[in-house]
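Please keep the picture open beside the text while you read.

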Amino acid sequence: PREATEMSGFAERFIEQGKQAGLQQGLQQATREGLRHQRHTLTRLVQRRFGADVARASGSLLTRIDDPQRLDDLHDVVFDSPDAEAWLTALRQAVD
């Protein structure tokens, strides 16, 4: 009986750890997908506003940003930038 109780407790802890690990993995995956989507949207906006060359240059910089709020703020910067150079300057500052 005591061994069965200990095994049951061990099994419950093992299952709970597995659930927590799965939840953590799911949250990390969702965060990566959200960041990927934000970067993609920004790249499309930049391409429409400033052209393909600027979008390509922006893409490599955007991949270095892992803060969802910073990426969200950059959506406004795309619209507020008077030209491609102002956009790229603001983007470089956001990366640093």
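What pLDDT does the protein chain average, and what share of the residues score at least 70?

1. Confidence. The protein chain averages a pLDDT of 87, and 86% of the residues score at least 70, where pLDDT is the predictor's confidence in each residue, from 0 to 100. This is a predicted model, in which local features need pLDDT of at least 70 and side-chain atom pairs count only at pLDDT 80 or more, while totals for chains, interfaces and linings use all residues. Residues are numbered from 1 along each chain as its sequence is written, and side-chain values use heavy atoms, with hydrogens and water left out. Among the elements of the protein chain, the lowest mean pLDDT, 79, belongs to H1, and the highest, 96, belongs to H4.

2. Overall make-up. The protein chain has four helices and zero strands, and along the sequence the pattern reads α-α-α-α; here helices (H or I, at least four residues) and strands (E, at least two) are DSSP runs, numbered from the N terminus. Of the 96 residues in the protein chain, 24% count as buried, a word that stands for under 20% relative accessible area, with exposed meaning over 50% and partly exposed in between (1.4 Å probe, protein chains only). Among contacts (heavy atoms within 4.5 Å) between residues at least 6 apart in sequence, 70% join residues at least 24 apart.

3. The core. A nonpolar core is a set of buried Ala, Val, Leu, Ile, Met, Phe, Trp, Tyr and Cys residues joined through side-chain atoms within 4.5 Å. The largest one in this model has 17 residues, and those with the most contacts inside it are Ile65, Leu74, Trp87 and Leu91. Two or more residues of this core come from each of helix H1 (2–50), helix H2 (52–62), helix H3 (68–80) and helix H4 (84–95), and H4 gives the most, with five residues. If we set aside the neighbours of Leu74 within four places in sequence, the residues in contact with Leu74 are Leu42, Leu62, Ile65, Trp87, Leu91 and Ala94.

4. H3 against H4. Two packed helices are described by the angle between their axes and the distance between the axes. For H3 and H4 the angle is about 165 degrees and the axes are 10 Å apart, where axes are lines fitted to C-alpha atoms, for helices over the stretch in contact, and angles run from 0 to 180 degrees between N-to-C directions. That angle makes H3 roughly antiparallel to H4; by the cut-offs, angles under 35 degrees count as roughly parallel, over 145 as roughly antiparallel, 65 to 115 as roughly perpendicular and the rest as oblique. The residues that make the contact are Arg70, Leu74, Val77 and Val78 of H3, together with Trp87, Ala90, Leu91 and Ala94 of H4.

5. H2 against H4. The axes of H2 and H4 come within 10 Å and cross at roughly 10 degrees, and the two helices are therefore roughly parallel to each other. On the H2 side, Val54, Ala57, Ser58, Leu61 and Leu62 meet Ala84, Trp87, Leu88, Leu91, Arg92 and Val95 in H4.

6. Thr43 and Gly59 are 16 residues apart in sequence, yet 6.3 Å apart in space, C-alpha to C-alpha; beyond residues up to four places away, Thr43 touches Ala55, Gly59 and Leu62.

7. From the loop into H4. Ser81 lies in the loop between H3 and H4 and is buried, with a relative accessible area of 5%. Not counting residues up to four places away in sequence, Ser81 touches Arg49, Phe50, Ala86 and Trp87. Ala84, in helix H4, is partly exposed, with a relative accessible area of 22%, and touches Phe50 and Val54 when residues up to four places away in sequence are not counted. The C-alpha atoms of Ala84 and Val46, 38 residues apart along the chain, are separated by 8.5 Å.
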